[in-house]
Amino acid sequence: MAENENTTNDPIIICEDVHKWFDDFHVLKGITTTFKKGEKAVICGPSGSGKSTFIRTINHLEEHQRGTIIVDGIELSNDLRNINLIRQEVGMVFQQFNLFPHLTNLKNITLGPIQVRKMSKSAAEEAALALLERMDIADQAYKYPAEISGGQQQRVAIARALAMEPKIMLFDEPTSALDPEMISEVLDVMRELAHSGMTMLVVTHEMGFAREVADRIMFFDEGVVIEEAAPADFFDNPQHERTKLFISQTLQH
Amino acid sequence: MMEDNSHKILSDKIPFYRDIRFLKVFFQILFVIGIILLTGFLYVNMLNGLSRQGIELGLNFLNSEAGFELSEGIDFEPSETYLKAFWVGIVNTIKISIIGIFCATVIGFFFGIARLSNNWLIRQIASVYVECFRNIPLLLQILFWYALTRVLPVVRESISFFNSIFINNRGVYFAFVERADGFNAWLWYLLSGSILAIFVVLGFAAFRYFFRFRELQQTARPSFISNITFGAKWAAAPIFLIVAIVGWFLTPEQPFAVTRPALQGFNFVGGMSFSPEFSALLIGLAVYTSAFIAEVVRSGIQAVVRGQREAARAVGLKESQVLRLVVIPQAIPIIVPPLTSQYLNLAKNSSLAIFIGFPDLFMVGETMINQTGQSIPVFAMIMVSYLIMSLTTSAFMNWYNRRITRVGK
């Protein structure tokens, strides 16, 4: 257990009674929780439990209809300025990578810094190349996303999110669309990021990663958090029947 | 022995009527002969019919005096030839097509994007626009716009905007930039500017290529070509611009001047003008086609996967930037092929000009047929002209499409 020396007691995300409906379907049924600066939280649960929807409400890709979400002291309201401010603080990595296919990998990364942060092109490119170096794919800078492997694409996507120098990183099943042999190269990068002190919310089925990196595991089912605990307690001493079933099923293979 | 025998039969010489190689060629030749016979028969039949009416087929009439006037287009006198009249028609068709395509594209993109707006009212207005104009016959729309131009005020009571645009029942008059006395002198500055720029860029590229090769290799892929494009952007373009601007001020007279229409006697003089016929046809074609283009644009934008917008938003881009930097560049390759069809439709639909008396290619051709009876040759000329224009348009659009889709693949 990498007991995270980085975790502080300052809250950075505060969620209170967050509700969300898709038409008649009640996806999130009152989520109340606080994430601390530097915390690594792994969110798991069966599909359709609302775990992805939950992290997507944090940068307002999904709108919540009731309750409050405060990110780094900014409340997510209907204020367009707040939404844009929060999106600059929060980086996101998607299951399907969602790289921009019409731009080179380098330009995928520099787009945000140049357009949103108003960085100069040369400074942005320098920073982007450094990030690609950190992701161990500096030689792919001038290629297009379609020309590199899935694992490399996902690392470019992580670099794209990091280029905005976010305080929080959201990962929405970052390894689910990858071939098995590419999963580890992405998890390595995420592990390194965790050790650097980034606040991370990770939706994943990689229980090995969860056990190793997470400070807290949250188990979602039918729109509520039915159990949350440190990895040791969560895996070795689950309280809830639903959690026990889930763990026995995921650890079987 | 039996086995050997059967083997021998199979590898025997194939009779020609079963030989695939022979049959392939044979049927093609048969087909071509059939077509030649059929066209020959029709042609002879047509010649007989025409000679019974006392008409000799040929293109000689093109050099005879036309004897009719054309209401607009490049200068034309009734004493000039049919060929010249036909050329005036072609130029008019090209003019209405190009201006029409430009307007239809701008309006179409606007309404196509508006149909996807988050604003309910804008979305509804765009839907109503599209549904109205693409569901009313084009001819009806053109006649309607033409009827509207007939009830505009007389010249003396023109509707005027900013003293630069005047609208009356004789047409639309607006200020326009025209070549002035200093234009030719300025051209010399442009020429010398380009020559200077070419030398500078070659020198610049050679310098970077030979002397800074090692240093640049770290961050970019230097090639002579990339050095030239770099030099063109950072050295040649500025030099050319500076020479052009300096030249602008050094020439004794202005190279260009804005001329405004002014009332002189019974009409406006100066600037640029569109006749009521041209205006009605232009509005009709542009509005009708823009409704279709709006749908093409909308479906192209919707074809870009949702994840692209989400990723762009997650990076912090504003909605307008999401559209401009991420969605539209990916939608363009999807939009271009159906957009080309709409451009071709517009150019061909411009032949409806005949209903309001705008002298386009088709109307001039019809007049020629009425006067000479040379229906077949003139129809052939008209068809070939449209064909050439359409094929040129699609060739250009195909080239553009290849150019944009090559990136990112």
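Visitor: Which element gives the largest share of the lining of the largest cavity?

Guide: In this predicted model, the largest share of that lining comes from β6(A), which supplies three residues. Two or more residues are also given by α5 (150-162) of chain A and by α10 of chain B.

Visitor: And what volume does the largest cavity have, and which residues line it?

Guide: Its volume is about 60 Å³, and the lining is made up of R87(A), V90(A), G91(A), M92(A), R160(A), A161(A) and M164(A) from chain A, together with A311(B), A314(B) and V315(B) from chain B.

Visitor: OK, pockets now. What lies nearest the centre of the second largest pocket?

Guide: Of the 24 residues lining the second largest pocket, R87(A), N118(B), R309(B), R313(B) and E319(B) lie nearest its centre. The space in this pocket is about 820 Å³, and its lining includes nine nonpolar, six polar and nine charged residues. At least two lining residues each come from α2 (80-89) of chain A and from α10 (306-314) and α11 (319-349) of chain B.

Visitor: Switching to chain B's sheet: what's the strand order, and why do β1 and β8 each have a side without a neighbour?

Guide: The sheet is open, with four antiparallel strands in the order β1-β2-β3-β8. Because β1 (159-161) and β8 (272-274) of chain B stand at the edges with a single partner strand each, one side of each has no neighbour in the sheet. From one strand to the next, the twist averages 15°.

Visitor: How do β1(B) and β2 pair, and what lies across β8?

Guide: β1(B) pairs with β2 (residues 165-168) of chain B in the antiparallel sense over three bridges, and S160(B) stands opposite F166(B) in β2(B). Helix α9 (residues 276-303) of chain B lies across β3 (171-174) and β8 of chain B, running at about 70° to β8(B).

Methods. Residues numbered from 1 in each chain as written. Chains lettered and ligands numbered in written order. Predicted model: local features only at pLDDT ≥ 70, side-chain atom pairs only at ≥ 80, totals over all residues. Heavy atoms only, no water. 1 Å grid on protein atoms, 1.4 Å probe; cavity = no way out; pocket = protein on both sides within 12 Å on 5 of 7 lines; lining within 4 Å. Points joined across faces, edges and corners; volume = space filled by probe spheres on them. Nonpolar A, V, L, I, M, F, W, Y, C, P; charged D, E, K, R; others polar. Pairing = 2+ DSSP bridges. Axes fitted to C-alpha atoms, helices over the stretch in contact; angles between N-to-C directions. Contact = heavy atoms within 4.5 Å.
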